[in-house]
Amino acid sequence: MLDTVEGRVALGLRDRWYALCPSSRVPTGELVRIERAGEELLLWRDAAGTVHVQEDRCPHRGARLSMGVHMGDRVACNYHGVQVDASGVVVSVPGSPGCALEGRRALRTFPAEEHADAIFAWLGSGEDTQPEPLRLPETISGGEWGHFLCYVEWDAPWLYSLDNLMDPMHGAFLHRNSHTMFSGKREAVFQIRETERGFVFEKTDQRGVNFDWSEWADTGLQWVGLEIPYPATAGPGGPFAIAATVTPINERQHAAFFWRCRKVSGWERDSWRFLYRARLEERHWAVLEQDRVMLEAMPLDAHRRENLYQHDIALVRLRRLLRSAAQKQLSAERPAEAPVAAVSR
Ligand code: FES
Ligand SMILES: [Fe+2]
């Protein structure tokens, strides 16, 4: 699927960082299998707690390494005992010591990092593609911002969540009964403003009242930033910022990471954290549930039968960006062949 423009858009561009799962999903000593962006992945931690991301496929004959044995600094396949280390090198073939497989780097290994309570990996177009530095949204890079990670897996194509994040107008309708998106106009005229890392999609006639803008950014990690004004009862720190990134699982499911952020430090951060846990978190989950129910009920071919209007120009822009990046990647990967035909819609 990854060798067509449509397939690569559906499963995610390569040569990008993707958030894979919350850190807590991978306890030390366990072998965890997950599917992300169409790849079958094995996640594990070594004795120092460093996380490793590798293909969940034994280099011997393809058994799942995640069904094997965690040996501290290596993983042993349960089928014939072949042992592979964190760099993907086969360190032992117990059934045939000294065979040519020993010492070979035979298991695909993905650069991985852990930040803001999540595990990220670089999914390169080739096995040895050098990763770009992982540049996170400033709201989850530490410093003055405090955050909570809210993680979901939904049964809908990942593009539906991207569309949803770049569609501020749904706040005034789908979430009109929520504690933060009840006020403001229910009509708007939008504009797109280019930025160095992507673009901002914003209402021209309302700001700071409801969900009034979204920013798309591609910094090696593709993410969306937005702000929702908080009522005064929600404590210190000004508006409530969300940094979100979406990772396809396969063409029908995705994982989404919403970091709920506030510019608070010291006692204000403590008080916000308390308030968040005690009162706000439950309300936020209720809002996300409205999104989940809406997106999961949409038909899988929704993009093929749409009638878009002015509020949807960010979606059009985003889809065009993804398609053209996918097309560029495929052409670069197959330089000897004819350029990949554009998919026009
Ligand atoms: S398939 Fe893993 S050791 Fe044989
Ligand atoms: Fe929403």
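**Exercise 1: The largest pocket**

In this predicted model, the largest pocket holds about 640 Å³ of space. Task: find which residues lie closest to the centre of the largest pocket, and which elements give two or more residues to its lining.

Solution. Step one: the lining has 25 residues, and Asp167, His170, Met298, Asp312 and Leu315 are the closest to the centre. Step two: helix H2 (158–165), helix H3 (266–296) and helix H4 (313–333) each give two or more residues. Step three: sorted by class, the lining has twelve nonpolar, five polar and eight charged residues.

**Exercise 2: The second largest pocket**

Task: find which element gives the largest share of the lining of the second largest pocket.

Solution. Start with the volume, which is about 450 Å³. Among the 20 lining residues, those closest to the centre are Glu6, Ala10, Leu159, His303 and Arg304. Helix H1 (5–11), H2 and H4 give two or more residues each. The largest share is that of H1, with four residues.

**Exercise 3: The iron ion**

Task: work out which protein atoms are donors of the iron ion (ligand 2), and why their arrangement is irregular.

Solution. Next, the arrangement is irregular because the angles subtended by the four donor atoms run from 57 to 148 degrees. Then look along the chain: the donor spacing is H-x4-H-x115-D. His170 sits in the loop between H2 and strand E13 (190–195) and Asp291 in helix H3, so this pair ties together parts 121 residues apart in sequence. Finally, His170 and Asp291 are both buried.

Notes
Residues numbered from 1 in each chain as written. Chains lettered and ligands numbered in written order. Predicted model: local features only at pLDDT ≥ 70, side-chain atom pairs only at ≥ 80, totals over all residues. Heavy atoms only, no water. 1 Å grid on protein atoms, 1.4 Å probe; cavity = no way out; pocket = protein on both sides within 12 Å on 5 of 7 lines; lining within 4 Å. Points joined across faces, edges and corners; volume = space filled by probe spheres on them. Nonpolar A, V, L, I, M, F, W, Y, C, P; charged D, E, K, R; others polar. Donors = N, O, S within 2.8 Å, 3.2 Å for Na, K, Ca; no water. Tetrahedral: all angles 85-135°; square planar, octahedral: opposite > 155°, others 65-115°. Buried < 20%, exposed > 50% of the residue type's maximum accessible area, 1.4 Å probe, protein only.
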